[in-house]
Amino acid sequence: MKNFIKLFSILVLFFFTVTQSQSAEKVDYLKTDWSFKGLFGKFDRGSLQRGYQVYTEVCASCHSMKYLSYRNLGEKGGPEFSQAEVKAIAASFEVIDGPNADGEMFERPAKLSDKFVMPYDNVKAAQAANGGAYPPDMSVLVKARGGGVDYIYSLLQGYEDAPSGMTLDEGVHYNKYMYGNKIRMSAPLSDDLIEYGDGTKATVEQMSKDVTTFLMWAAEPHLETRHQMGFKAIIYLIILTILVYFSMKKIWSRVESEV
Amino acid sequence: MSDHEYTPTSKVGKWFNDRLPLLTLANHLTDYPTPKNLNYWWTFGGILTFCLITQIVTGLTLAMHYIAHADMAFESVEHIMRDVNYGWLIRYIHANGASMFFLAVYIHIFRSLFYGSYKSPREIIWIIGIIIYLLMMAAAFMGYVLPWGQMSFWGATVITNLFSAIPLVGEGIVTWLWGGYSVDNPTLTRFFTLHYLIPFLILGLVVLHIWALHVPGNNNPVGIDIKKPSKDTVPFHPYIVIKDGFALLMFMIVFAFFVFYSPNILGHADNYIEANPMVTPAHIVPEWYLLPFYAILRSVPDKLLGVVAMLSAILILAVLPWLDTSKIRSAVFRPLYKQFYWILVADVLILGYMGAMPAEGLYLLIARVATAYYFLHFLVILPVLGFKEKTLPIPLSITEPVLGGSTNLAMAKNKESLDN
C-alpha cells in the first residue's frame, strides 16, 4: 500500500512536470498577484469592470470578442455590472438586424442577447486596416497563448526600443515578450490613456492587469463556479475515501491478508 | 467460472433465469474467486472501466451540443463552454478524462509487463488488450481533432499524411481518408462519426477482455497458478469491489484536481486558436500519451521506415507472449528481468520526453538510442533472458510464499498463527 502510494504519486508528479515543461516555454514573464489563481481564486470585480473599460475603449477598436454577449457582463462570476448598466452598455452599440417586414436590413441598438459588436466586417477588412496582420479575437486569447495571463500582462508592458543592430520593417514594433520579438501592434497603452470611472490611477501596469483579468474571465467565464465546485467535490471525495478505507479494512479483516 | 450450479431462490427468479441466465451471470461475477494477494496495481482494471463509462456518458452529452462542421465546430465548443448548463464541466471531464484514461491504461499495461500477466494461459486477454489500446489511440486522436483548433487541424494533417508513405497507393489512401485534397469538412465529419463509434467497439472488446480473464482467472503478484476457489482466493464481492472502489476514489481525487484546478494543462494552447489552413503552428505536437511513439516515428530518417517503426513498436506487444521465453511470470522471481523492466520504463519515459522536444541535435540522438533500445528489449533481451536467467525459487501457493524451510516461510507461518 505504502509502496503503491509512493510510486503512484511519483508517477503523477512526473507526468505533471513533463506536461508543464512541455507547455510553458522558458521566458521570465512579469509577475503580479492574480486574485483568480489558487484553490479559492475569485475575480476582483473592480478589476474586471475596469478591464472591460480598457477593452472597450482601447482594444475593441481592432480586436473582436465574438463569443461574448452583452448579457455576460451582468452574469454572476463576471464583472457583475447591474442590469441597468448592462442594458445601457448594450444600447450604446448599433447592430444590424433584419430583414424587417419590408425585406430591409436595419440598424438598432444592441440588446442583452446580442454578441459583442465586431470592429470589422470580416477578416480581410481587419487585415487591410492593420497592415496585413489580423488582430486576433480576444474571447479565448489567454488560453490560446502558452504563457497565459502572465504572457498577456507582460506583452502589454514589453514594448521597448529595438536593440541596436535589429532593423524593424515599417509598422513593426519591438516587444520583449513577443515570440520573435516583432509585433505588428503598436504599444496600445500609455499612462492616463483612459480615465477610470472609479478613480483608480490609469497607469500602464494597472491597465495591463485589469484588462488581462478581464480577458481571463472572458476565456473562462465559469472559473469561480469551477473553483468553488472543485473544492467541494474534492473534500467530498476525500471524506468518502476515508470512509471506504475503513469499510475495506473491516471487510478484509475476515481474511488473513493485507490490504 | 464458479464450479457450483446457481439456482435462484425465488420462483420468478428461477423462471426468468431458466430462460435467460442473467442471474447466473451476476452470481458468477460476484462469486468470482480472485487471488487475495492482488496489490493496488491490480485496481486499474476497474478504474479503466470507470474511465470508459465516464468518456461515453460525457461524450454523449457533448455530442448533443457539438456541431461537426468545419465552420461551426470551434464555435459550438465555445457554446458548450459558455452557455450550456455545466457544459464547461462536462467538456473538461471529457478532455481530461482522455488523459486519465491513458494514465490508467499505461499503469495497467506496465503492471502486466512486470507480473507477466500476458503469458500462457492469458495471451488472448493480452492481445484483446492491445487491440483496445490501439482503438483508444485512434479514438483519442480523432477526438482531439473535433474542437477544430490549430493543433486539431495540423495534428490531423500530420498523422493522416503518414499514410502517404505507403508505396504506390499512399497518396490515394490519404485523399480517400481526407475525403478531399486536404483536411477539411469531410475529414471532420467522418472523424466525428468514428470517434462516436469506437468507444462502443472498445466496450464490446472490454466485455471479451473480462470474459477471457474469467476463464483462467487473475494472475497475481506471485505469478503462480492457484486453485480456485481455495484458501488463496476471495470472492470478488465484497472484497475486490470495495478495494477497487477505494482505489478508484483516490484516482478520482487526482482526476478532480485536473478538471477543477488545471483543466487546460494537459492540452496545447494552440488548440484554442481556430483551425487555419494558411498558418502552420511553430511546433506540432501530439497529446502527451502519444509522445513516445511520435519520438520513434521521428527518430527514423526515412518516412516509410519511420511509420513502420512506430507501428511495430505497438504491434510488437501483441507477440510479446512468444517473445518472452521465460516460464516464470512474476518479475519478483526474476532478478535480471526486474532490472531490465525498470530500464524499459525509463526508456519509454525518455522517449516520451524526446517526443515533446524538437527533433534536432542531442534530442534526436537520445531519441534514436532510446528507440533502438526499445526494440532491443523486446527482440533480443526478452528471448535470451528466458534461457540465461537464474530465477529464484517459486512458492507453491500464495499462503506459503516460498518453498521449504526459508526464513520467509517461517515468518509467514508465524504471521498466520498470530492472525488466527
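How many residues of chain B are in contact with how many residues of chain A?

## The side of chain B that touches chain A

In this predicted model, 39 residues of chain B are in contact with 38 residues of chain A, two residues being in contact if their C-beta atoms, placed from the backbone, lie within 7 Å. On the chain B side, at least two residues each come from α4 (73-82), α5 (87-115), α10 (236-261), α14 (335-356) and α16 (407-419), and α10(B) supplies the largest share, 15 residues. Helices here are DSSP runs (H or I, at least four residues) and strands likewise (E, at least two), numbered from the N terminus.

By class, this side of chain B has 26 nonpolar, six polar and seven charged residues, where Ala, Val, Leu, Ile, Met, Phe, Trp, Tyr, Cys and Pro count as nonpolar, Asp, Glu, Lys and Arg as charged, and the others, Gly among them, as polar.

## Chain A as a whole

Chain A has seven helices and four strands, which follow one another from the N terminus as α-α-α-β-β-α-α-β-β-α-α. Its radius of gyration, taken over C-alpha atoms, is 24 Å, whereas a compact globule of 259 residues would have one near 18 Å (by the rule of 2.2 Å times the number of residues to the power 0.38). Along the principal axes, the C-alpha atoms of chain A fill a box of roughly 80 × 60 × 40 Å.

Of the 259 residues of chain A, 28% count as buried, a residue being buried if 20 or more other C-beta atoms lie within 10 Å of its own, exposed if 12 or fewer, and partly exposed in between. Among contacts in chain A with a separation of 6 or more, 59% are accounted for by residues 24 or more positions apart.

## Two packed helices in chain B

Helix α3 (residues 44-63) of chain B packs against helix α9 (residues 185-214) of chain B at an angle of about 155°, with the axes 11 Å apart; axes are lines fitted to C-alpha atoms over the stretch in contact, and angles run from 0 to 180 degrees between N-to-C directions. The two helices are therefore roughly antiparallel (an angle over 145 degrees). The contact of α3(B) with α9(B) has eight nonpolar, three polar and no charged residues.

## Residue B:E75

B:E75 lies in helix α4 of chain B and is partly exposed, because 16 other C-beta atoms lie within 10 Å. The C-alpha atoms of B:E75 and B:P147 are separated by 8.6 Å, although the two residues are 72 residues apart along the chain.

## Conventions

Residues are numbered from 1 along each chain as its sequence is written, and chains are lettered from A and ligands numbered from 1 in the order in which they are written. Local features need pLDDT of at least 70 and side-chain atom pairs count only at pLDDT 80 or more, while totals for chains, interfaces and linings use all residues.

Key:
Angles under 35 degrees count as roughly parallel, over 145 as roughly antiparallel, 65 to 115 as roughly perpendicular and the rest as oblique.
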